[in-house]
Amino acid sequence: MHIGSRIRRLRESRGLSQKEASSGIISTSHYSNIESGRFEPSSDVLGLLADRLDVPVSYFQKIHEDDPLLQTLLTQYEELLASDIKAIPQFIEKHHKRFSYISSIHQEIMFHLLKYTELVKVGRIPDAQAHYSSEVAHIPQAFFENASRSLLEKYTYTSGVYYYFKKDYKASMTHFEDALLLTIEEPLSAKINYNISLALYKLYDYGAAHVYAKRAKEQYLHMHNWGRSGDCYNLIAALYLAQHKPTEARRYIEKGFSVLGSPMSETHGRLYHNLATVMMKENDYALALKTVNQCIDLKKLLKCTTLFDSQLLKLRILFRLGDLLALRENITRLQVSIQNELEQANLDYFEAKLYHALGEYDLYEQKMKNCIVHLHENEDWNALKDAARHLSLHYETNKKYKNAFKLQELCIEAYRRLTMELKGGEEK
Amino acid sequence: MKKKVLMMCLILGLAVFSPSMNLAYASDYSTHGLGYEDVGPPHARG
């Protein structure tokens, strides 16, 4: 990273060509060499370029020197993230000028990493992802080779979270593993262990995920952090569930409830969701229904983002119970609260299966086709493979082999994309 | 006799495992994705 890369980014954000940015100041070829880092511009040229790009000239000076006062503010920002997140907007507003154009590249990156964390912590995930993409993603990895341990550790951790939400779990895990090597604090190390386990769970590597989750659980228990310990018990239960071991899962869910105590938290909601899944796996559908209802009530109360997942679980349970009337009622009720296309597609899947169970095959085909189109558009390969297979089998039963073949191909495509995701998406 | 038993087994086997008998899918064939589980988001810094 050099002054040239900062100038280039500014020019691009202003929508100017190299010619437009440099005309009347220096030749375009000279300017181009500055952007690529081959020439170091004089302070006069920097002044004129700052004027042209509408930034204070200080933004182009001392880019490799940290400002001690700003460092104090960044430390305060970091402390507020842990202690009083609601006070941050006011804090940023108060120091708005200092945070607007940060000269030091290191401090500028640090600021953006903290900003990303703030957005994640207040639940603004899409904004956080957009912020990382525009402000951090362009920085070459090599730049961090000379960075301080503290910055590198923040960068690797934050990138781990970014890639997790981007669903690139392999990249997420790699960054978290790097962060783990750099951290010296136990609270942070516990969080990283937990996050690695979560990424491994998404990569279906349950054995390794158990090791990290149990390590995180021991660390949190040692720190008497009961809320986070509850998360770990829940994650371990989820791992057992994924391994089709409901008895072990139930044991960890019970431990989770006991370590959490009251009052009710989002983790309670997750534990109820997973308990209902355990009951479903044990074929106790009536009790599963009661539990998932408890889960839904709690998630509504706490405004949990995963409410829809639990509502889908309820549909699954009603399907197993064979209560098609209740299933129809619930689907209709859910239609009004749909937030996006993917949720609609998931609901269509259940509606299609309902029509199938009722023998209304035309409606079934229509709904399932619709569902498949939207799952494909939203790249939900996991759900797509099931939906495509379901419709393919329907066509096969009705001897419509051409259609059945096409859908099997789509199913294979979904599996291919899933495998690619596991490999880190290198074939894209 | 042995031949007859073998033939019977073969016919029965074919009948049971014939691909046209997709009885299972008529009910809740599909698991509709792995990950029934609710694990929540990663633990954020700070």
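Predicted model: local features only at pLDDT ≥ 70, side-chain atom pairs only at ≥ 80, totals over all residues.
View 1. Residues are numbered from 1 along each chain as its sequence is written, with chains lettered from A and ligands numbered from 1 in the order in which they are written. The predictor puts the complex at an ipTM of 0.82 and a pTM of 0.85. A contact here is a pair of residues whose C-beta atoms, placed from the backbone, lie within 7 Å.

**View 2. Chain A as a helical chain.** Chain A has 23 helices and 0 strands; helices (H or I, at least four residues) and strands (E, at least two) are DSSP runs, numbered from the N terminus. Its C-alpha trace spans about 80 × 55 × 35 Å along the principal axes. An automatic or database assignment sets the domain bounds, and the pieces are domain 1 (3–60), domain 2 (68–139) and domain 3 (338–428). The centres of domain 1 and domain 3 of chain A, taken over C-alpha atoms, are 51 Å apart. Among contacts in chain A with a separation of 6 or more, 52% join residues 24 or more positions apart.

**View 3. Where chain A touches chain B.** The contact uses 41 residues from chain A and 19 residues from chain B. Among the elements giving two or more residues on the chain A side are H5, H8, H10, H12 and H14 of chain A. H22(A) supplies the largest share of that side, 8 residues. By class, the side of chain A that touches chain B holds 18 nonpolar, 11 polar and 12 charged residues. In this count Ala, Val, Leu, Ile, Met, Phe, Trp, Tyr, Cys and Pro are nonpolar, Asp, Glu, Lys and Arg are charged, and the others, Gly among them, are polar.

**View 4. The nonpolar cores.** A nonpolar core is a set of buried Ala, Val, Leu, Ile, Met, Phe, Trp, Tyr and Cys residues joined through C-beta atoms within 7 Å. Buried means 20 or more other C-beta atoms within 10 Å of a residue's own, exposed means 12 or fewer, and partly exposed is in between, with C-beta atoms placed from the backbone. The largest core has 99 residues, and those with the most contacts inside it include Ala213(A), Ile236(A) and Ala388(A). Domain 2 and domain 3 of chain A each give this core at least three residues. A second, separate core of 9 residues includes Ala21(A), Tyr31(A), Leu49(A) and Phe60(A). Back at Ala388(A), its contacts beyond four places in sequence are Ile372(A), Leu407(A), Leu410(A), Cys411(A) and Ala414(A).

View 5. Since 15 of the 16 residues are buried, H16(A) is largely enclosed by the rest of the structure. In the loop between H15 and H16 of chain A sits Pro263(A), joined to Ser262(A) by a cis peptide bond with omega about 5°. Just after H16(A) comes Asn283(A), with a positive phi of about 65°. Asn283(A) counts as exposed, with 8 C-beta neighbours inside 10 Å.

**View 6. H18(A) and its cover.** H18(A) is largely enclosed too, because 11 of its 15 residues are buried. The buried ones include Phe308(A), Lys314(A), Arg316(A) and Phe319(A). Their cover includes H16, H17, H19 and H20 of chain A. After H18(A) comes Gly322(A), whose phi is positive, near 75°.

Key. Contact = placed C-beta atoms within 7 Å.
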